[in-house]
Amino acid sequence: DERLKLIFVCCHPAVAPESRAALTLKLVCGLSTEEVARAFLVSETTLAQRLVRAKRKITEAGVSFEVPGPEHWAERLAAVLSTLEVAYAKAHEDAAGTGRHAGFAREMLEVTALFSEMLPDEAEVLALAATIRFAEARRPARTDRKGVRVPLAEQDPELWSKPLIEEARSYCGRALSLSGPGPRILQMMVHALWCGRKTRADPPPWKPVLAAYDILVELRDDPIVRINRAVALAEVRGADTGLSELDRLDPETLADFLPFHAARADLLAKVGRTAEALEAYDRALALSPGAAERRFLQGRRAMVVS
């Protein structure tokens, strides 16, 4: 697989760890500097400087265009997994699957299958393969007939892809047989909990999802995990509690991160802080969401006004 070869090249240990995945997403996956910067919650200027240094290191090291031998995989594994994770996230953030990165969804299914064959005993590889399949299985229910994004808790599980869920469960079982609760194992389990629903009558699994995020935040304490945890916290303990968690995050770091503003807008609306909710919805809409996401946010904003 040519893309996998390029990913291994860009994740060479000569490149600084914080730049490996970013370089790969820019050069191999074709993301813009702005998109990569948003994915890693850094400024475009900072990212551009990292990319220049990373390209120089690749040249100086004379890295060959090939997948290295198995003895070198471990030192590149974290960056390769981060690359695949973000590449799929770019496809997943567009619920309608019509954006310019939509093709990553199918491609990441194929690449993670290949990667799982290369490293059949690596739990985090298997966990990522499972996560992507759980998430992609839900795509048929992610938009309604009007092309509006449907939140996960409101989706009809009967529309989800049963074959992909079964495939995900197979990877899930293999990953769990090899490892305890690492970060990607826990992320996989959150998706598995959601995909345990059979019909709309089944209640959303907010309590076990929150329990998983409580553990995950101890292992991978980053703003994205914190945002997801705050959403689950709001569902279990109330919108005020979830909003308090969001307000503890650095707004400057998350200024260009659409999910932060969308989640905050929703919780502000629920606690009756209308003017702030409208401002947060406007901040989210200003960040160029996909068509389905834009319609969803506009609809929720209209509900606040009415």
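In which helix do E166 and R169 lie, and how many residues apart are they?

Author: The model is predicted: local features need pLDDT of at least 70, side-chain atom pairs count only at pLDDT 80 or more, and totals for chains, interfaces and linings use all residues. Residues are numbered from 1 along each chain as its sequence is written, and side-chain values use heavy atoms, with hydrogens and water left out.

E166 and R169 both belong to helix α8 (residues 162–178), where they stand 3 residues apart, about one turn of the helix. Helices here are DSSP runs of H or I with at least four residues, numbered from the N terminus. The two residues form a salt bridge, with their closest N and O atoms 2.9 Å apart; the term requires a side-chain nitrogen of Lys or Arg within 4 Å of a carboxyl oxygen of Asp or Glu. Side chains of opposite charge can pair when their charged atoms come close. E166 is partly exposed, at 47% relative accessible area, and R169 is likewise partly exposed, at 31%. Buried means under 20% relative accessible area, exposed over 50%, and partly exposed in between, using a 1.4 Å probe and protein chains only.

By this rule, the count of salt bridges comes to 22. One of them joins R184 to E85, with 3.4 Å between the closest N and O atoms. Because R184 lies in helix α9 (residues 183–194) and E85 in helix α5 (residues 74–92), this pair ties together parts that are 99 residues apart in sequence. Both R184 and E85 are buried.

A further salt bridge is formed by R300 and D266, whose closest N and O atoms are 3.7 Å apart. This pair links distant parts of the chain, with R300 in helix α15 (residues 291–305) and D266 in helix α13 (residues 258–270), 34 residues apart. R300 is partly exposed, at 21% relative accessibility. Elsewhere, salt bridges that share partners join D214, D221, R226, R229, E245 and R248 into one network.

Arginine also meets an aromatic ring: the charged end of R149 sits over the ring of F296, 4.3 Å from its centre. For this contact, NZ of Lys or CZ of Arg must be within 6 Å of the ring centre and within 35 degrees of the ring normal.

Technical notes. Helix = DSSP H or I, 4+ residues; strand = E, 2+ residues; numbered from the N terminus.
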